[in-house]
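I'd like to walk you through one structure, so let's get it up on the screen.

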Amino acid sequence: MSAPAVRHSSPGSPATVFFLLFCLLLLGPVAHSAAPPLQLTNAEQSWLQHHARTIRVGMLPNYPPIEFTEQGRHQGLTADYLRLLEKRLDIHFRRIPARNWDELLQMALDHRIDLIGSIQQTPQRSRKLLFTSVYVRLPNVIITRKGGPKKLTEQQLADKKVAVVRGYASESYLRKNVPEARLVAVNSDLDGLQQLAFGKVDALVSDLSVASWNIDRLGLSNLQASGFIDFRWNLRFGIRNDWPELQKILNKALDAIPQQDKDELFRHWVGLSSEKPLNRREIVIVALALALCLLLVLAIGLWNRMLGREVRRQTLALQQALERERNARTEAAGKEAQLRELTDNLPQTVFETDCDGRITYVNNQALEWSGYSREQILSSRIQDFQHPDDQPRIEERIRALLNDDDATGRLHRICLADGRLRNTLIYARAIHSGNKPVGLRGILVDITERQQAEQELRESEERFREIFNGTTEALFIHDAGDGRILDLNHTAEIMYRGSREQLLASDIDKLSSGTAPYTGEEARVLVEKTRRDGQQVFEWHARRLDGELFWAEVSLRTTTIAGKQVIIAGVRDISQRKQMEEFMLQSEKMLTIGKLAAGIAHEINNPLAGVLQNLQILSLRLDSKGRTNQDATAETGLPPEALAAYLKRRQIPHIIDSATEAALRARTIVEDLLTFSRRPNRKHPVDLATVIKTALKLASTEYDPEQNFDFRHIRIEKRMASSLPTIQGTSDQLQQVVLNLLRNAAQAMIEAGTEKPTISITLEQHDQHILLQIKDNGPGMDEQTRLRIFEPFFSTRLGRGGTGLGLALVSYIVHQNHGGSISVESSPGRGCCFSIRLPIPREDS
Amino acid sequence: MISAATPKAILIVDDEPSIRDSLQMFLEDCGHQVKTAASMAEALKLLGREPFGLAIVDVRLSDGNGNQLALEARALQPQLRILMHTGSIEYQLPPELVELGLGEDQVLRKPQPDLMTVLRRIETELGCLE
């Protein structure tokens, strides 16, 4: 028989008597007194406003169905009353859990809580607490084993062993009103029920609702409610004695709850309508019903007696079952206690909350870490500790966690008791009851220090990156083992004209010119040497990703990064320095040569003059048309025809021509050399476009049928900016420069048989310079040649009319006489481009 | 063609025999009367002895300076035409010679690639081509 009092009705359970009894009680008409409207005075309203979120109410965890904690949530009749009050008064109670009744009472007496949910008023308690009016009355019943007498009165308890919960008001009531009863104080209703079931006591006096709840839960099929005692629990709210305002407010609020709602709550939790005095008619009906019950009970008793043995057997089985149950409970309780102890002392902040974020449990570490007391934490919601900015986020987070949407850690800023803000990661999961989430359980990890360390690391890394990328040196980090490029800086990308990815995919071979000794192989030897002997600094001929070669100064050193041996290569582009060095060297050479030439020109010119003159006279004297020659032949008897034939046969004129040509070239060399020593003529404003046009005109007349050289076969492309500023210089010399370059390009292309030989001339302004470029699509040159091309007497055409001074002169004129610069870009098969930069004079000079 | 009133003989002063002798041969082939001197002293001796229409004077002589010789020659023979002959490209006429009426046209630079140019200059000086 199930007690309808109980939410969990399990069909087929015993105690039909009980059932019927309650059914009858339910028949009673319920008086509906209209609830007065809630009217608070201004003072009360103001008091309430002031305490709207701070009133602390103690929670009893183990007094079902009145109040208890289930899955972290305050449940039961009182809990629902509290919720009703919150709604009515528009306030929020802070719920503080207590472990048991004694603790709860002590907390109230110490004012660690402001309100107790369900308490019986006693004179002793009245000295310390204020009480509201009674909001629920619960009868106390006499419970016996089945088969005993029914319809017991309290006087019939005389001489019986009666269990009563220690410290309950019912204990003192019985002691006073039934002094003959032998009272056995038990620890709890549950304890009493078990002692009764095992025959250790004859009866138990207990609160009806609590007893029926427990009977149902334990399935104690051999117990029955046999009668009432004239003592009820009159439950009130207890209030700290210095808060009379709250007493008044709660009384008004309780009065304002409609009776219907109160009945509904009572029915829901206790199963009875609130008790009312029975009227006569009801008493008759009850008496009849009881008589009927008695008959039934008697019938059952008879049947029971018939099956006495069976009953005893069953009782024994039940006893054993209960024993097992108790053992299992003890064991489970032990395990739970172990786990709880473990959790309590875990060096990690653990917490539990209900669905609203109200904290229902924290372990010791949480207290130690936060600096709050357990009471402070348990009377708050997890939101209360958040940085104000984060509160909307945590609300959202709680909702997400309850839906199992998100179990990952999230960052929340928590305010500690001393006011410090800590960055924490909160990991939590929903606690479920059935399919419904009822709260959260989780841990909290303080990552403030970790974040600071990370931040510092990040900043340090940024600083390092800044330096790494900011340096004017290209930096490469190579694997010390295989030379692989592991990292590089921004300067490297610029210097080698490639993206980071391209460079990471390249290797030492690709970044070297490849001309011995600047090969990948040699580079690896140097890497090995660095590993063996330490830092190495050397000049290297390097290659950019677009193919251009350049000179670099490389320093290699070893270091260890993250436990790995690496080589750090610092590369400095020294092309310009190198070019300057080259130029200085050449310039010096040219000056020396110039001085020397000036000194010896006279000595060379004199014998040259002798050679040339004699050759001319020789030529003249062999001419048969000359008058003196004719006289001489006549006098000597040599027929002029014979002489002519002889000369022709022996190629004398050709020999003379060759000698003359050689002598003339010597004269040119001397003249060119003298340019190096000669001071330039007075400078004038020069229009380079005109210079180029004149040079082109001069060049176009040049051709050498013997060498198949004809400048007119070459296509000329001109791209010259109009109205460029003039430069200061000597047009003759600049003309010579352009002419030399044109000639040079033409000769190279024609000798190489370049198809569609083309010379492109561009002239444009670049900042304070005029840039003149003369580009051909000829055979180009290798790096060795390119590097020496401006050296005096360096010629690839020696013996074919080259003096080895043409480009040296060009360079000298540009640098020395015009303050400009000249460079050449070329590689075999890719033509050649000379760039000349001439400074535009400042307006003021 | 050659007037008796004005002497047409040419004096070549040069210490380089190959130049002196070849020039003499060339001019004689062209029908000129030519005397040569290998030094300043020798030249002055000849100039003191006979009249010349033109002197071709090498600037650098073993025993003196061609400029000085030119001055002295003109002092000896005021009608004498003078051509300075030099292997130095930097050679510039000294002011004394410029005062005597010499200019860039009267400077022959060695080596002359074409002797016919020299011949035309000589004949111009001597008035043969007027």
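Let's start at a position that comes with a note from a record: the unreviewed UniProt entry annotates Asp58(B) as a modified residue, 4-aspartylphosphate. Please keep in mind that what you see is a predicted model.

Where does Asp58(B) sit? You'll find Asp58(B) in strand 3 of chain B, which covers residues 54-58. And is Asp58(B) buried or exposed? Its relative accessible area is 1%, and because buried means under 20%, Asp58(B) counts as buried. Leaving aside residues up to four places away in sequence, Asp58(B) touches Val13(B), Asp14(B), Asp15(B), Gly66(B), His85(B), Thr86(B) and Lys110(B).

Now zoom out to where the two chains meet. Chain B and chain A each bring 22 residues to the contact. Between them they bury about 2100 Å², with 56% of that on carbon and sulfur atoms. How many salt bridges are there between chain B and chain A? The count is 2. One salt bridge joins the side chains of Arg621(A) and Asp29(B), at 2.5 Å from N to O.

Last stop, friends: a sheet in chain A. This open sheet has 3 strands in the order 2-3-4, with antiparallel pairing. Its edges are strand 2 (62-63) and strand 4 (73-75), each pairing on one side only. Strand 2 is joined to strand 3, residues 67-70, by 2 bridges, and Asn62(A) stands opposite Phe68(A) of strand 3. Packing on this sheet is helix 3 of chain A, residues 77-89, which touches strand 3 and strand 4. The direction of helix 3 makes about 105° with that of strand 4.

That's my tour, thank you!

Key: Residues numbered from 1 in each chain as written. Chains lettered and ligands numbered in written order. Predicted model: local features only at pLDDT ≥ 70, side-chain atom pairs only at ≥ 80, totals over all residues. Heavy atoms only, no water. Pairing = 2+ DSSP bridges. Helix = DSSP H or I, 4+ residues; strand = E, 2+ residues; numbered from the N terminus. Contact = heavy atoms within 4.5 Å. Axes fitted to C-alpha atoms, helices over the stretch in contact; angles between N-to-C directions. UniProt positions renumbered as here; feature names shortened; annotations may be inferred. Buried < 20%, exposed > 50% of the residue type's maximum accessible area, 1.4 Å probe, protein only. Buried area = accessible area lost by both parts, 1.4 Å probe. Salt bridge = Lys/Arg side-chain N within 4 Å of Asp/Glu carboxyl O.
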